[in-house]
Amino acid sequence: MVTLDMKKTAEEQIKKLRKEIDYTTRDYSIDFLVQKFREDEFYIPDEYQRQFIWDNNKRSLFIESVLLGLPIPLMFFSDTDDGRCEIIDGAQRTQSLEEFMSDDLELTNLKKLDSINGFKYNDIPDYFKKKFDKTNIRVVVLSDETTLDIRQEIFTRINTSGEKAKPIEVIRGRFMQSDFMQFVKKCSENEMFIKLCPIGETLKKRYEGQELVLRFFAYLNNYKNFEHRVDQFIDDYVEENKDKFDEEEYLFEFNRMLKFVDDNFPFGFAKSKKAKSTPRVRFEAISVGVALALRENESLNVDNIDWIESDEFKIHTTSHASNSTNRVTGRIEFVKNKLLGK
């Protein structure tokens, strides 16, 4: 039953948090928006924004929407202490507009305005080019007193729909300034990790390296408590460790695991010498299995790893049901036990 005291507490909390979010609504013409972006007056923060991931079709479709006069979703900016505006949500749209107006974007696969497929900005008829330039985009601008936590919370909530952010992108949005996530970033830039763990360019832009490092530490230290949802499992782990973890011990285990893999696994975490990507389930099995085996025997030596080509290992590292509790435990402990000769 909800008591009067509970209602009073709720009322006070709502009032307090509402006061933390102060904003105005502004209309910016596209040519003004792009000019300020070029001048770095409107900027995309590295701390929690995604890199540019829209493909040419998405960019073209957005430009078509503007030319057709369709409503454009609100963007979210935040005033900052230095007088500039941080783009919280709207990075994809802003970069698409700038690229188009720089005559670097060729429109493709348009279904409505199919007559302008192949056009660039300077090919658009002058009248409609001017209409395009002066089209207003409505922007919600948070005050410069809005905390980083609030800005990141807005980013997280916005990215539960639309071009959905990957879990690692949302985690970066919430925790990138934490000591733990800075440590994860540093690990993902480790030269040996990069050599052993090939990642395609598209996934690199979406922080796949940091995703894999996070999975390594989360499973290594807590895999027996994994239930089903990887995103929630990792999110909870980062929340618990964001400001308090043994960096020296974590780094030691990470580097020790990498050295063992480099010494004993001819293709690292990949399936072959020429592989350009690393399956997550394979990375988890090898990295965490190796680290757990080294915890039991820090002087571990192995004669061969022929089992890496076995049908049993392949079954453990297929994507089917890869996130079930039994499969996570099974693939990790398979590698650990093989290395320990169990």
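**Cores, sheet and buried residues**

Trainee: Which residues does Leu-339 touch, leaving aside those up to four places away in sequence?
Mentor: Keep in mind that this is a predicted model. Leu-339 is among the residues with the most contacts inside the largest nonpolar core. With residues up to four places away in sequence not counted, Leu-339 touches Phe-260, Gly-289, Val-290, Ala-293, Leu-300, Val-302, Ile-305 and Trp-307.

Trainee: Which helix gives the largest share of this core?
Mentor: The core has 57 residues, and Phe-180 and Phe-217 join Leu-339 as those with the most contacts inside it. The elements that give two or more residues to it include helix 7 (167-175), helix 11 (208-222), helix 13 (247-264) and helix 16 (325-340). The largest share, 9 residues, comes from helix 14.

Trainee: Why do the buried residues of helix 8 line one face of the helix?
Mentor: In helix 8 (residues 179-188), the buried residues are Phe-180, Met-181, Phe-183, Val-184, Cys-187 and Ser-188. Seen down the helix axis, these buried residues line one face of helix 8 because they fall within an arc of 155 degrees.

Trainee: Which residue has its backbone oxygen 2.7 Å from a polar atom of the side chain of Ser-287?
Mentor: Ser-287 lies in helix 14 and counts as buried at 0% relative accessibility. Not counting residues up to four places away in sequence, Ser-287 touches Phe-216, Met-257 and Phe-269. The backbone oxygen that lies 2.7 Å from a polar atom of its side chain belongs to Phe-283.

Trainee: Turning to the open sheet, which strands are its edge strands?
Mentor: The sheet has 5 strands in the order 1-5-3-4-2, with mixed pairing. An edge strand pairs on one side only, and this holds for strand 1 (23-29) and strand 2 (42-43).

Trainee: Which residue in strand 5 does Arg-26 stand opposite?
Mentor: Strand 1 and strand 5 (residues 136-142) run antiparallel and are joined by 7 bridges. The residue of strand 5 that stands opposite Arg-26 is Val-139.

Trainee: What angle does the direction of helix 4 make with that of strand 4?
Mentor: Helix 2 (residues 30-38) lies across strand 1, strand 2, strand 3 (75-79), strand 4 (85-89) and strand 5, and runs at about 100 degrees to strand 1. Helix 4 (residues 91-101) also packs on the sheet, where it touches strand 3, strand 4 and strand 5. The direction of helix 4 makes an angle with that of strand 4 of about 115 degrees.

Note on methods: Residues numbered from 1 in each chain as written. Predicted model: local features only at pLDDT ≥ 70, side-chain atom pairs only at ≥ 80, totals over all residues. Heavy atoms only, no water. Buried < 20%, exposed > 50% of the residue type's maximum accessible area, 1.4 Å probe, protein only. Helix = DSSP H or I, 4+ residues; strand = E, 2+ residues; numbered from the N terminus. Arc of directions from axis to C-beta. Core = buried A, V, L, I, M, F, W, Y, C linked by side-chain atoms within 4.5 Å. Contact = heavy atoms within 4.5 Å. Pairing = 2+ DSSP bridges. Axes fitted to C-alpha atoms, helices over the stretch in contact; angles between N-to-C directions. Polar contact = N/O pair within 3.5 Å; in protein donor to acceptor, adjacent residues only side chain to side chain.
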